[in-house]
Amino acid sequence: MALPTDPTSSREDTLAKRRAAEEEALLREVDDAVRHDDLRSFGQRYGRQLAIGAGVLVLGFGGFLFWQSRQEAARERESEAIVAALDQAQAGNFPAAATSASPLLEQGAPGPRASARLIAAGAAMRQNDTAAATRHLSALAGDSSAPRALRDLATLRLVALQFDSLDKGQVIARLGPLAKPGNPWFGSAGELVAMAYLEQGKRGEAGKLFGAIANADSVPEPIRSRARQMAGVLGVDAIPDADRFLQQQQQQQQQQQRQNAASAPQPAA
């Protein structure tokens, strides 16, 4: 037989649950009110500063995008000017090449400005304007913002241009760092330094350097061939492996014959 339920206990449980729910709802309302009041107070206190900060960030980002677009447009203009100058130089129109390169000589970025100075110097040399070529090469050689390889090339060309008038000690001092195995300009710079040694009467130093150039695989063959001949004249054996040398000469002759055959006009059918 089941025990009778206690109606009083059930009613008290229901009332307790209702009170707990009401208290929880009240606490949520109080919490929401406090948060709203905190946010309103925070907004009143810092809202202006936040708005100004957000505006500064938006303006700064917009300014960066504008600067970036200007930089890209400038690079495109510089590239177009360099390409135009090179095309005109290859076509033999050296005055036009110098004109195309001239806007970059003072206002271009370091890389394009260095390229423009080389083009302007080359155009001046082809027009026998030694003074202008010297001016452009000197400016590039002394420009610390230019790429190192182009500065070294400008130094090399400047010394070659002034070789006859320079003291040979100056030639050696200026090109000595470039006239070392492994340097990209070793062949050309070493050839000039070796010639300077010869004019100083230092045949031993000249022959040794010519021999090093002749045996450097990274040096173009025309320069190696001249160095090999000069080393032989000075009594330096620049052919350590005669068999290998003869084999290389045969390969070069065969390659030249194939190139001549390919470029020869074909007989009419």
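Modeller: What follows concerns helix 8 and the helices that pack against it.

The model is predicted: local features need a pLDDT of at least 70, side-chain atom pairs count only at pLDDT 80 or more, and totals for chains, interfaces and linings use all residues. Residues are numbered from 1 along each chain as its sequence is written, and side-chain values use heavy atoms, with hydrogens and water left out.

The setting comes before the detail. The chain holds 11 helices and 0 strands; helices (H or I, at least four residues) and strands (E, at least two) are DSSP runs, numbered from the N terminus. Of the 269 residues in the chain, 28% are buried, where buried means under 20% relative accessible area, exposed over 50%, and partly exposed in between, with a 1.4 Å probe and protein chains only.

Two packed helices are described by the angle between their axes and the distance between the axes. Axes are lines fitted to C-alpha atoms, for helices over the stretch in contact, and angles run from 0 to 180 degrees between N-to-C directions. Angles under 35 degrees count as roughly parallel, over 145 as roughly antiparallel, 65 to 115 as roughly perpendicular and the rest as oblique. A crossing is left-handed if the near helix is turned anticlockwise from the far one by less than a right angle, and right-handed if clockwise.

Helix 8 covers residues 186–199, and helix 7 covers residues 168–175. Their axes lie 9 Å apart at an angle of about 150°, and the two helices are therefore roughly antiparallel. Their crossing is left-handed. On the side of helix 7, the contact (heavy atoms within 4.5 Å) involves K168, V171, I172 and L175, while helix 8 contributes A189, L192, V193, A196, Y197 and E199. These residues comprise 8 nonpolar, no polar and 2 charged. Here Ala, Val, Leu, Ile, Met, Phe, Trp, Tyr, Cys and Pro count as nonpolar, Asp, Glu, Lys and Arg as charged, and the others, Gly among them, as polar.

Helix 9 is the next partner of helix 8. The two axes come within 8 Å and cross at roughly 160°; helix 8 and helix 9 are therefore roughly antiparallel, and this crossing is left-handed. From helix 8, the residues that meet helix 9 include F186, G190, V193, A194 and Y197, and those on helix 9 include A206, L209, F210 and I213. By class, this contact has 11 nonpolar, 2 polar and 3 charged residues.

With a relative accessibility of 12%, L209 counts as buried. Apart from neighbours within four places in sequence, L209 is in contact with A179, F186, G190, V193, A194 and Y197. L209 and Y197 stand 12 residues apart in sequence, and their C-alpha atoms are 9.4 Å apart in space.

G187, S188, E191 and L198 of helix 8 meet I223, R226 and M230 of helix 10, a contact of 3 nonpolar, 2 polar and 2 charged residues.
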